[in-house]
Amino acid sequence: MASESRLYTFSPETQEKLRKFRLGTSRAKDPQAVVYQIDKHSLEIAPADDETYNNIQELADDLPDHSPRFILLSYPLTLPSGRLSVPYVMLYYLPVTCNAELRMLYAGAKELMRNTAEVGKVIEITEAEDLETIEDKLGGAA
């Protein structure tokens, strides 16, 4: 067992939310995103709030300027072939202005979050404005 799985924890409720989000978004017609954060004291990874974002701009507006976050994103898009694809990815939001302690905290949990959420790909973003071009990044990934 990897060391990060002993350091960081997920509550049973959080694990159930991760599973339901993954299964519930595969046929979504609109983008859906949930933001997760790490509690610095308990090292528990949990939803930042109970909100599921359907609007990428609202998500960008709500992201903190100086603190990393994990964002699970299900984003329906039409491929050049005309086929509908719904990539399920994790956005690793790591602002350049966050302190070294937070960088290390989130870097250590990145792979555990990726595996627990069962996402297909991790996309690193450094600022909320990067969300405006997320469709381009996903189009290349699909």
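Me: Which residues does Ser74 touch, leaving out those up to four places away in sequence?
Reply: This is a predicted model. In it, Ser74 touches Thr25, Asp30, Pro31, Gln32, Val86, Pro87 and Tyr88.

Me: Is Ser74 buried or exposed?
Reply: Ser74 is buried. Its relative accessible area is 1%, and the cut-off for buried is under 20%.

Me: What does the side chain of Ser74 reach at 3.2 Å?
Reply: The backbone oxygen of Thr25.

Me: And which strand is Ser74 in?
Reply: Ser74 lies in β3.

Me: OK, the sheet now. What's the strand order?
Reply: The order is β2-β1-β3-β6-β7. That is an open sheet of 5 strands, with mixed pairing.

Me: Which strands stand at the edges?
Reply: β2 (45-47) and β7 (121-125). Each has a single partner strand, so one side of each has no neighbour in the sheet.

Me: How much are neighbouring strands turned against each other?
Reply: By 30° on average, with direction ignored.

Me: In what sense do β6 and β7 pair?
Reply: In the parallel sense, over 5 bridges. β6 covers residues 88-93.

Me: Who stands opposite Tyr93?
Reply: Ile125, in β7.

Me: Switching to helices. Which strands does α2 touch?
Reply: Helix α2, residues 12-24, packs on the sheet and touches β1, β2, β3 and β6. Its direction makes about 155° with that of β1.

Me: And where does α4 lie?
Reply: Helix α4, residues 100-117, lies across β1, β2, β3, β6 and β7. It runs at about 175° to β6.

Conventions. Residues are numbered from 1 along each chain as its sequence is written. This is a predicted model: local features need pLDDT of at least 70, side-chain atom pairs count only at pLDDT 80 or more; totals for chains, interfaces and linings use all residues. Side-chain values use heavy atoms; hydrogens and water are left out. Two strands pair if DSSP finds at least two bridges between them. Helices (H or I, at least four residues) and strands (E, at least two) are DSSP runs, numbered from the N terminus. Axes are lines fitted to C-alpha atoms, for helices over the stretch in contact, and angles run from 0 to 180 degrees between N-to-C directions. Contact means heavy atoms within 4.5 Å. Buried means under 20% relative accessible area, exposed over 50%, partly exposed in between (1.4 Å probe, protein chains only). A polar contact is a pair of N or O atoms within 3.5 Å; within protein, one must be able to donate a hydrogen and the other to accept it, and residues adjacent in sequence count only if both atoms are side-chain atoms.
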